[in-house]
Amino acid sequence: MSTQNYLVISALGKDRPGIVDELSKAILDIGCNIADSRMTVLGGEFAILLMVEGNWNTLGKMEEAIVSLEQQLDLTIIVKRTEGRDKSDPSLPYVVDVVSLDHPGIVHQLANFFSQRRINIEDMATTSYAAPHTGTIMFSVHMTVGIPADIHIASLREDFMEFCDAINLDAIIEPAQR
């Protein structure tokens, strides 16, 4: 079996039914496989991020097909070669959920807290919504972080909860369920 190579594909375009069907068919027809993906609708735009795997030759065909795919699917597409994830990383996956009244800077404050401690944010989704009954605009963050094995979890949890209390965020941090 040949060594797998990877290509990250980012695509953005006006939301409509069928985009995932058409893009995934094109990837399959070229001979590649979707190894990982994230997709969402933001406003009226559809955004997708894919990690496609295949041998060197099929990834080359995928790269060559991008211009015609952009036109055919009416998407803006960016591709980049990458490597598989380093599985020797001893970090521990934790889930962080935060809810608060919406105000500027929440994502930055959270990102800064974790980056100052060498903790990588591996996945993040945020949303704003109106609170039931009051209609107050709320903001929620859901993220997965990779905590280095040498960080004392109990101390981190205590520091994080104090940090959140100081800036009026309701939060939890707990081991990720795999």
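## Helix α2 and T58

T58 lies in helix α2, which spans residues 56-73. Helices here are DSSP runs of H or I with at least four residues, strands are E runs of at least two, and both are numbered from the N terminus. The model is predicted: local features need pLDDT of at least 70, side-chain atom pairs count only at pLDDT 80 or more, and totals for chains, interfaces and linings use all residues. Residues are numbered from 1 along each chain as its sequence is written, and side-chain values use heavy atoms, with hydrogens and water left out.

T58 is buried, with a relative accessible area of 11%. Buried means under 20%, exposed over 50%, and partly exposed in between (1.4 Å probe, protein chains only). T58 touches I30, G31 and C32, leaving aside residues up to four places away in sequence. Contact means heavy atoms within 4.5 Å.

## Salt bridges

The structure holds six salt bridges. Each is a side-chain nitrogen of Lys or Arg within 4 Å of a carboxyl oxygen of Asp or Glu.

One of them joins R81 to E63, with the closest N and O atoms 2.9 Å apart. R81 lies in strand β4 (residues 76-82) and E63 in helix α2, so this pair ties together parts that are 18 residues apart in sequence. R81 is partly exposed at 30% relative accessibility. E63 is also partly exposed, at 30%.

R16 pairs with E22 at 2.9 Å, N to O. R16 is partly exposed at 29%; E22 is partly exposed at 33%. R38 and D36 meet at 2.7 Å, N to O. R38 has a relative accessible area of 44%, and D36 has 38%. D36, R38 and D123 are linked in a network of salt bridges.

E158, D159, E162, D165 and D170 form a negative surface patch. Patch residues have over 30% relative accessible area and no salt bridge; like charges are joined within 9 Å, and nonpolar side chains (Val, Leu, Ile, Met, Phe, Trp, Tyr) within 5 Å. Asp and Glu count as negative, Lys and Arg as positive; His and the chain ends are not counted. Helix α4 (residues 153-166) gives the most to this patch, with four residues. D159 lies in helix α4 and is partly exposed at 35%.

F163 lies in helix α4 too. F163 touches Q109, L110 and F113, residues up to four places away in sequence not being counted. F163 and L110 are 53 residues apart along the chain, with their C-alpha atoms separated by 9.1 Å.

Terms used: Areas by Shrake-Rupley, 256 points an atom, 1.4 Å probe, with all protein chains shown as cover. Charge placed at Lys NZ, Arg CZ, Asp CG, Glu CD.
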